[in-house]
Amino acid sequence: MLPFDRTVWPLRLERRSKPSAAMRVASSPLAVLAMLATCLLLFAALGKDPAAAFRVFFVEPVDSLYGVGELMLKATPLMLCALGLALSYRTNVWNIGAEGQLTVGAITGGGVGLFYGAALGHWSPAVELAAGVLGGMAWAAIPALLRTRFHTSEIFVSLMLVYIAQLLLSYLVHGPWRDPAGQNFPQSPPLPDNALLPPLFDGARVNVGFVIALLLAALSWWFGKVSAAGFRMRVSGLAPAAAAYAGISERRNVWLALMISGGAAGLAGVCEVAGPIGVLQPVISPGYGFAAIIVAFVGRLHPAGVVLASLLMSALYLGGESAQIELQLPASVSGLFQGGLLFYLLAAELFIGFRLRRVRARDA
Amino acid sequence: MNIAVWVTIAASAVRAATPLIFAALGELVAERAGVLNLGVEGMMLVGAMSGFAVGVASGSLLLAYLAAAAAGALIALLFGILTLSLQTNQVATGLALTLFGVGLSAFGGQSFIGLPIRPLPALRIPVLTDLPLVGALLFHYDLLVYSSLGLCALIAWMLNRTRAGLRLRAIGESPAVAHALGEPVTRVRYLAVLFGGAMSGIAGAYLSTSLTPMWTEGMSAGRGWIALALVVFGTWKPWRVLAGAYLFGAVTVLQLYAQALGVRVPSEFLSMLPYAATIVVLVLICRDPKTILLNQPASLGRSFHPGY
């Protein structure tokens with residue numbers, strides 16, 4: 001009751017008679033604006049010109065064709081992971097290990113490209129992508145199995161598997177998959193040319209992964225809105241007891257949620273390895289799988305929202321990189337913004353169900 | 001393999017367990033009050049960074065630990081305002097706290113990377129410390145190791161033997177009933193969350209100023225999550241949590257000594273052990289749903305709105 005105790009605060013939090021539709025749309029933009037204001041204050045406090053910082057974060061990323069390509073490139077893994085996570089969270093399945101599923105997708109997809117890419121010819125990218133999806137699914141199958149069979153929280157299991165996946169990748173590139181001609185660098189030989197995903201347009205690095213992500217967003221909208229399986233998942237997320245009473249299988253929903261989110265994250269991983277990176281190395285992702293959790297919430301767990309939120313988050317990553325060079329700010333400033341954004345968002349969501357009302361003297 | 005080596009391993013397992021004990025016991029108190037705070041990892045990192053920074057700047061480890069506890073409690077307060085006053089989802093807010101803590105500590109600790117700090121010294125207890133083997137095994141630790149045992153005893157006593165503990169548990173089991181009986185549910189939950197934050201902060205500072213006396217980004221490496229799992233593993237009972245922490249301390253240090261013990265396994269696989277062990281023990285404890293049902297605070301993770 002601390003900040004809203006009516007005796008110490010002239011405003012009172014009051015439940016709305018029904019959730020506000022306007023706030024449902026406005027909460028994410030409001031949170032972004034609040035975050036933006038905080039950032040500019042922080043920059044001013046650090047003695048940087050807020051206007052220059054704004055330009056670096058939100059104008060420069062999109063002021064050239066190359067920039068737009070980079071924005072789409074970085075948005076791809078975020079969008080892929082976040083679409084799956086949004087679906088999963090709607091079902092009340094808390095997969096927080098997308099980073100691990102992404103890493104395993106990179107290992108399986110990248111491994112296929114590495115060892116069979118030359119033999120597969122022009123089929124190579126398709127087979128790699130499939131292998132990446134399967135790898136992510138296999139990794140997500142562990143929390144699914146342990147939750148449905150042994151009632152073990154998928155939160156802990158999926159997160160622990162992130163560390164295990166990263167160590168597995170580190171073992172492979174330090175050991176059996178290390179490039180013998182690589183001067184002892186911990187990385188695999190480069191993927192053969194025909195195993196790489198071609199860029200979407202000249203002068204940019206964004207690849208077919210972005211198109212797949214957009215298609216998946218449309219598919220996921222259809223799945224959630226129209227399909228019976230999507231409906232069952234939503235019901236079991238909103239009202240687990242009612243879902244069980246209606247005979248909706250929780251086991252099936254948990255498996256579906258984790259297979260879809262794991263597969264999408266695996267796809268994100270292979271798109272990185274067969275796309276901009278081109279080799280397997282100890283670090284494949286600067287935390288896309290975790291940032292995707294924020295993207296999913298900022299997108300209000302809705303596919304269209306996720307698409308927009310992943311573009312925003314991608315701008316934050318790009319801005320963080322240029323801020324390092326142009327403003328001498330540490331790269332970690334992006335991480336600070338991401339975490340802060342989620343806090344503002346959670347607070348803003350409150351106003352969907354509640355409103356603030358001034359307490360008059362006679363009420364108090 | 002002589003016995004002195006085993007004593008060394010056991011002693012480093014005890015030290016490795018200490019941050020887990022602080023973080024897990026703090027979380028245990030919050031969870032017994034019905035609040036699930038998944039932000040332990042973030043609070044530990046913020047504690048590690050602020051403790052290290054204050055320790056380096058002031059040269060005083062006492063100030064370092066105070067600062068770490070205050071920093072942990074401060075960002076736990078953020079979590080409290082969101083979940084307890086603004087009724088946000090505890091799982092999502094806890095995740096937000098972890099992600100924010102990772103970012104904040106990396107940002108704030110930027111200029112402290114690579115600096116040295118003098119770690120907490122082991123206490124010398126006259127006669128006892130000098131005993132052969134027993135001295136090294138039991139009486140050659142720093143103050144925090146002994147405090148963690150005291151903290152466990154204190155929390156066990158407080159929860160099970162005092163009126164305040166009974167009230168806290170009642171709030172965790174049924175906030176509505178406790179509220180009807182006139183208990184200040186939200187206030188008690190705030191205090192429990194702040195206590196959890198302070199303990200996580202101390203756990204983090206122990207990492208950065210004593211266990212591995214330096215600051216690196218993300219240095220807690222999942223220990224916050226392991227501490228959370230330990231609360232479940234210990235079925236929300238302080239002494240079992242303590243035992244679980246020592247088990248994990250042992251698993252963590254075994255990888256460091258595996259080479260000396262003649263184990264020929266790539267180091268990456270040994271480093272996976274604590275994470276794999278977390279999954280295994282969780283499966284063992286959760287396998288029978290009754291274990292969780294009987295021990296987990298009934299209102300864990302649910303918001304409570306007094307409805308004025």
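**Exercise 1.** Describe how helix α3 (residues 61–85) of chain B packs against helix α4 (residues 90–108) of chain B.

*Solution.* Step 1: the axes, which are lines fitted to C-alpha atoms over the stretch in contact, lie 10 Å apart at an angle of about 155°. Angles run from 0 to 180 degrees between N-to-C directions.
Step 1: because angles over 145 degrees count as roughly antiparallel, α3(B) is roughly antiparallel to α4(B).
Step 2: the contact (C-beta atoms, placed from the backbone, within 7 Å) is made by B:I75, B:F79, B:L82 and B:T83 of α3(B) and by B:Q90, B:T93, B:G94, B:L97 and B:G101 of α4(B).

The model is predicted; local features need pLDDT of at least 70, side-chain atom pairs count only at pLDDT 80 or more, and totals for chains, interfaces and linings use all residues. Residues are numbered from 1 along each chain as its sequence is written, and chains are lettered from A and ligands numbered from 1 in the order in which they are written.

**Exercise 2.** How many residues of chain A are in contact with chain B, and which helix supplies the largest share?

*Solution.* Step 1: 38 residues of chain A are in contact with 41 residues of chain B.
Step 1: α13(A) supplies the largest share of that side of chain A, 12 residues.

Conventions: Two residues are in contact if their C-beta atoms, placed from the backbone, lie within 7 Å. Helices (H or I, at least four residues) and strands (E, at least two) are DSSP runs, numbered from the N terminus. Angles under 35 degrees count as roughly parallel, over 145 as roughly antiparallel, 65 to 115 as roughly perpendicular and the rest as oblique.
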